[in-house]
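Student: Could you take me through one part of this model in detail? I would like a close look at how the two chains meet.

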Amino acid sequence: MAAGVATWLPFARAAAVGWLPLAKKTMPKPPVDNSSRSDEILYVNVSGVRFQTWKNTLDRYPDTLLGSSEKEFFYNDDTQEYFFDRDPEMFRHILNFYRTGKLHYPRHECIQAFDEELAFYGIVPEIIGDCCMEEYRDRKKENQERLAEDTEANEAMDAPLPPHSTPRERLWRAFENPHTSTMALVFYYVTGFFIAVSVIANVVETVPCRPPKGKVKDLPCGEKYQLAFFCMDTACVLIFTFEYLMRLFAAPSRCKFMRSVMSVIDVVAIMPYYIGLVMPENEDVSGAFVTLRVFRVFRIFKFSRHSQGLRILGYTLKSCASELGFLLFSLTMAIIIFATVMFYAEKGTKGSTFTSIPASFWYTIVTMTTLGYGDMVPNTIAGKIFGSICSLSGVLVIALPVPVIVSNFSRIYHQNQRADKMRAQQKVRMARIRMAKKGTTNAFLQYKEDRALGDRDSDSSALCVRNKSAFEHQHHHLLHCLEKTTNHEFTDELNYSELCITGSVGFRTSRSTSLSSQQGAPNHSTGCCPRRVRRRAAMRLANSTVSVSRGSVQELDTLHGKGTPGPPQTRSSLNAQINLKLNCGEQDFSAAIISIPTPPANTPDESLPPSPAAIQGGILRNTRATAYTPGAVKISSL
Amino acid sequence: MAGCTTRCRQGVLKLIQSVQRLLSGSLAKDNTDDELEMTTVCHRPEALEQLESQTNFCKQELQILYRGFKNECPSGVVNEETFKHIYAQFFPHGGKFLHHHMCFSEQISHGFVSCVADASMYAHYLFNAFDTTNNGSIKFKDFVTGLSILLRGTLREKLEWTFHLYDINKDGYINREEMTEIVKAIYDMMGKYTHPALKGDVPQQHVDAFFQKMDKNKDGVVTLEEFVIACQEDEIMMRSMQLFENVM
């Protein structure tokens, strides 16, 4: 029920006295009204701004937060007020809703912030008053479109290839996003070039060339160099056909592809050539054939794959279909009216060009669009008057729908600009996100070491905990518990990929004593991070303190050699390197190095096994033994 | 003939005026000016103490009532449309605009008239009963006076008020037509969906029963005295009246 209705309830109940003389039965007992009649003032503190209102005001809408008993959860006994840690500016609007019964949408606020506030206070957005509803809906739709586009842009364009894609899928991706591989880019530019060549050839064909020897009249170039043009045309059509067939083959849904606009344009572009091949050189048919050649100009529309501006224009026209329809309709009406008037005005004059009403259509169109060719002019005074009215109204009628179309185009164009900018900034954003993630992982790893250190040496642990908030402590403890549960360890991306290299390397070059489950390992490890590994390896060589290149098992030895000095140094230098990513893809691999929580030998030096794979394990055990208490990760030498 | 010439002259004058306004480009403005004038009517009630002495409410109750009243009608007066709108919201089956949506599908089959339930007629009579000064609007004083009688008044006052409600043309007598109107208005508030279904002659029967009870001297009209006496004799009604004490 609406706001004020609650206040009129006593009145309605009083008015019921008027029914009593007519009542045949006794009235039921009225409900007992427990609430005190005297109204009280409530204090609502929203982030420091104190609002005061009557209790009755808030009780008007019992299905919202403030009107129900839910607000008791926010009651602060010490200060005798309701405290909400929300935006006081927004709360003003919410409270006004209770007071006036109408919810207004403040135009300068972000639509999402407003929605969130409404959701918090339990108010349904549908009750926004009519004065603000349109604005609210427009903004909301705009926002949703923008978000949908953003997610689309995030997913679509530069997403890395899914690991197991068939050639067909890869081909389709190459066609849709030419930037993914060099081959696709080359193909893209080649087709673009041939489209241009084809269009220019079509145009130049008709230019008159100097006549060949013996003739006087100018010939169009197309007939003079017929063979050359034919060859060029053939080449272009071959390329286009090839492209079309490839696209058809690669398309995930062939029916959908065949119905799409671009494929229709492709077909229309190449069809005339084939029809021309098939058709005989017949006089009757060649007229139709000539018409078909006109369709070759549609090849220029193939450029819309290459040019985004064209696509935007096409999309704008499609979205403004109703405005265009209105423009067309109103113009048609005006044309008919004025043509009729002009015809009858000029009917009497001798030699008038206004021979019929359809003939006057031409005059009206030319006049309304202010072209004024001058091939038809009115001679009578009445005709001139109506002609001038016609041209004035033409300007008006055309000027009306044009701004709508323009604003639509502007909106779509800006949206596209934004999408492009977002895509361009994508890499930067992804890098930033990766850094942030690495930061948290590093923090966690640091925490583990600090804890281990702290377990042994309580003095230094105090130093390490200084920069952590209570939340971080709890968070890291939680992650640690998860590690214990699953018996795997966290590490960051780089170490993971490196480990894949070293793992694959180690297993390939290791001899007998390596893992029984090794047979699948090399393939798996290359499989788990193939491309990234190669790339990362190249990148990381420069950065890593201890360089691990492919196939250099010897360096592991040197690693080992450096590994012996005291714990802090080794740990810091090897930290980036040797924190194992134990969930590196496949089970076999990880099973090999997974911890079996039996404590290793106490002194690091004694327990060095000879084999290369185990060297790595030994090093690990080395550091681990110093870093962890028994019961922690242990490398089993298999 | 004379009327014709005056009307022609008036029409010509108006035409000249509108042409003038067209030329000076101020055609639209006058309409808005007129509209602005109409909405700036405002009315303030009498002082709180005065109202307190004139009615049976205490100060706090008057304050609460006025705050609600002012919130709904910032201009200080309720006109009939607003009144009907407010009253219609209490009766979901009443009110044309609400019911219109509900029985749209039935409109096609049954026709609009049969399914419209309407609190507006009864609201109209109520409005007239509250509007003691008969100027088409209820001010706060009228409102509070009426409420005071209905909620805190003596039995006699309540019965008098009810009599005035039923007496549509305020001539001091309730005749059959008036009673039928009232009863029909009340039944209209029920709407179409009742159990048992409303038949056409039920209001009439109700009116007959009423007159049977009230009209002592069988002269076809009910006077105030007859009404009061008959009601006081009616046990059911007295009991119901008790229940409606302290509704506020």
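Predicted model: local features only at pLDDT ≥ 70, side-chain atom pairs only at ≥ 80, totals over all residues.

Tutor: The contact draws 35 residues from chain A and 45 residues from chain B. On the chain A side, W8(A), F11(A) and L22(A) stand out: together they supply 22% of the area that chain A buries against chain B, more than any other three residues. As for charge pairing, the count between the two chains is 0 salt bridges.

Helix 14 (residues 321-345) and helix 15 (residues 357-368) of chain A pack at an angle of about 120°, with their axes 8 Å apart, and the crossing is right-handed. Helix 14 contributes residues including L331(A), F338(A) and F343(A), while helix 15 brings, among them, I357(A), F361(A) and M368(A). By class, this helix contact has 14 nonpolar, 3 polar and no charged residues.

Elsewhere in chain A, 4 strands form an open sheet in the order 2-1-4-3, with mixed pairing. Strand 2 (49-54) and strand 3 (75-76) are its edges, each pairing on one side only. Strand 3 runs antiparallel to strand 4 (residues 81-84), joined over 2 bridges; E81(A) in strand 4 is the bridge partner of N76(A). Helix 3 (residues 88-100) of chain A packs on this sheet, touching strand 1 (41-46) and strand 2, and its direction makes about 5° with that of strand 2.

Terms used
Residues numbered from 1 in each chain as written. Chains lettered and ligands numbered in written order. Heavy atoms only, no water. Axes fitted to C-alpha atoms, helices over the stretch in contact; angles between N-to-C directions. Left-handed = near helix turned anticlockwise from the far one by under 90°. Contact = heavy atoms within 4.5 Å. Nonpolar A, V, L, I, M, F, W, Y, C, P; charged D, E, K, R; others polar. Pairing = 2+ DSSP bridges. Buried area = accessible area lost by both parts, 1.4 Å probe. Salt bridge = Lys/Arg side-chain N within 4 Å of Asp/Glu carboxyl O.
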